[in-house]
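Colleague: I would like to learn how to read a model of this kind, feature by feature. Could we take the general idea each time, and then the case at hand?

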Amino acid sequence: MTHNTLPTGHMLMWYDDSKRPMATKLRDAIAAYTDRYGEPPGVALVHEGETCEADGVAVETRGWVRANNVWLGRAE
């Protein structure tokens, strides 16, 4: 996946403006994606200032992703 492309297939945008750590927000977003689509996402796009890691999901930063948002999808 190149810097300017979106994941393909199912997409889920997750918004969480709570004060919880980004890793916790991302874990919740991955669970919601998995519940909805029956498989975990392959990639998560997050704001440049909100990097973190997630087991089995490539986390990438994008300048256009707003703070407190996570875009989830498959990088196929």
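Colleague: What span should the 16 residues of α1 have at 1.5 Å a residue, and how far apart are its end C-alpha atoms?

Modeller: The expected span of a helix is 1.5 Å times one less than its number of residues. For α1 this gives 22 Å, and because its end C-alpha atoms are 22 Å apart, the two values agree. Please keep in mind that this is a predicted model, in which local features need pLDDT of at least 70 and side-chain atom pairs count only at pLDDT 80 or more, whereas totals for chains, interfaces and linings use all residues. Residues are numbered from 1 along each chain as its sequence is written, and side-chain values use heavy atoms, with hydrogens and water left out.

Colleague: Which elements does the chain have, and in what order do they run from the N terminus?

Modeller: Helices (H or I, at least four residues) and strands (E, at least two) are DSSP runs, numbered from the N terminus. The chain has one helix and four strands, and their order is β-α-β-β-β. After α1 comes Gly38, with a positive phi near 75°.

Colleague: Which residues of α1 are buried?

Modeller: An α-helix has 3.6 residues a turn, so residues three or four places apart point the same way. Buried means under 20% relative accessible area, exposed over 50%, and partly exposed in between (1.4 Å probe, protein chains only). In α1 the buried residues are Met22, Thr24, Lys25, Leu26, Ala29, Ile30 and Tyr33. Across the chain, buried residues make up 32% of the 76 residues.

Colleague: What is Leu26 in contact with, leaving aside its neighbours within four places in sequence?

Modeller: Contact means heavy atoms within 4.5 Å. On that basis, Leu26 touches Ala44, Cys52, Glu53, Ala54, Val59, Val70 and Leu72. For the chain, among contacts between residues at least 6 apart in sequence, 58% join residues at least 24 apart.

Colleague: How many salt bridges does a search of the whole structure find?

Modeller: Side chains of opposite charge can pair when their charged atoms come close. A salt bridge is a side-chain nitrogen of Lys or Arg within 4 Å of a carboxyl oxygen of Asp or Glu. The search finds three. Arg20 meets Asp16 at 2.4 Å, N to O, and Arg20 also pairs with Asp28, where the closest N and O atoms are 2.8 Å apart. Glu60 and Arg62 form a salt bridge as well, again with 2.8 Å between the closest N and O atoms. Through shared partners, Asp16, Arg20 and Asp28 are joined into one network.

Colleague: Is Asp16 buried or exposed?

Modeller: Asp16 counts as buried because its relative accessibility is 10%, whereas Arg20, at 34%, counts as partly exposed. Asp16 lies in the loop between β1 (8–15) and α1, and, leaving aside its neighbours within four places in sequence, Asp16 is in contact with Lys25 and Asn68.
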